[in-house]
Amino acid sequence: QVQLVESGGGFMRPGGSLRLSCVVSGNIFSINNWGWYRQAPGKERELVATISNGGSSNYVNSVKGRFTISRDSARNTVYLQMNSLKPEDTAVYYCKVHIVQVGVGDAYYWGKGTLVTVSS
């Protein structure tokens, strides 16, 4: 069993910052890839940022230069530092990981999400 718990969401004024965290626990042999996704009201879920076990990261164009994804492999935690927030960043943010499990193989897991609201 694997659990992902996101935290750090909340309300912020435009231009402000928030840092999201996602802690992964359970049957984990290794985590190969980490990602943050978001789903705004009435829209489909979209990729925000990913980071590999080797540290390579990718971002959707709309957040480049404002958001930074990082991970602490020792703590099985991934972060999303969000600066210069805009109202269009309002969404539920989800963590997704690609995990190799002992005796199971590899699989993708999602967290339940944390709400970020940016408004003046």
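Is Cys22 buried or exposed? Cys22 counts as buried, because its relative accessibility is 0%, where buried stands for under 20% relative accessible area, exposed for over 50%, and partly exposed for what lies in between, with a 1.4 Å probe and protein chains only.

Before I go on, a word on the basis. This is a predicted model, in which local features need pLDDT of at least 70 and side-chain atom pairs count only at pLDDT 80 or more, while totals for chains, interfaces and linings use all residues. Residues are numbered from 1 along each chain as its sequence is written, and side-chain values use heavy atoms, with hydrogens and water left out.

Let me stay with that cysteine. Cys22 is joined to Cys95 by a disulfide, with an S to S distance of 2.3 Å, a disulfide being a pair of cysteine sulfur atoms within 2.5 Å. Cys22 lies in strand β3, residues 18–26, and Cys95 in strand β9, residues 91–101, so the pair ties together parts that are 73 residues apart in sequence. Strands here are DSSP runs of E with at least two residues, helices are runs of H or I with at least four, and both are numbered from the N terminus. The link of Cys22 and Cys95 is left-handed, with -80° about the S-S bond. Cys95, too, is buried, at a relative accessible area of 0%.

Now the fold as a whole. The protein has 11 strands and 0 helices. Its radius of gyration is 14 Å, which agrees with the value near 14 Å that a compact globule of 120 residues would have; the radius is taken over C-alpha atoms, and the globule rule is 2.2 Å times the number of residues to the power 0.38. Along the principal axes, the C-alpha trace spans about 50 × 25 × 25 Å. Of the 120 residues, 38% are buried. If we take the contacts with a separation of 6 or more, residues 24 or more positions apart account for 55% of them, contact meaning heavy atoms within 4.5 Å.

Next, a few individual positions, starting with strand β5. Ser52 is placed in this strand, which covers residues 46–52, and Ser52 counts as buried at 19% relative accessibility. Leaving aside residues up to four places away in sequence, Ser52 touches Asn32, Asn33 and Arg71. Gly54 is found in the loop between β5 and β6, the latter being 57–59, and at 71% relative accessibility Gly54 counts as exposed.

With a relative accessible area of 22%, Asn76 is partly exposed. Ser84, likewise not a glycine, has a positive phi of about 50°, and Ser84 is located in the loop between β8 and β9. The relative accessible area of Ser84 is 39%, and Ser84 is therefore partly exposed.
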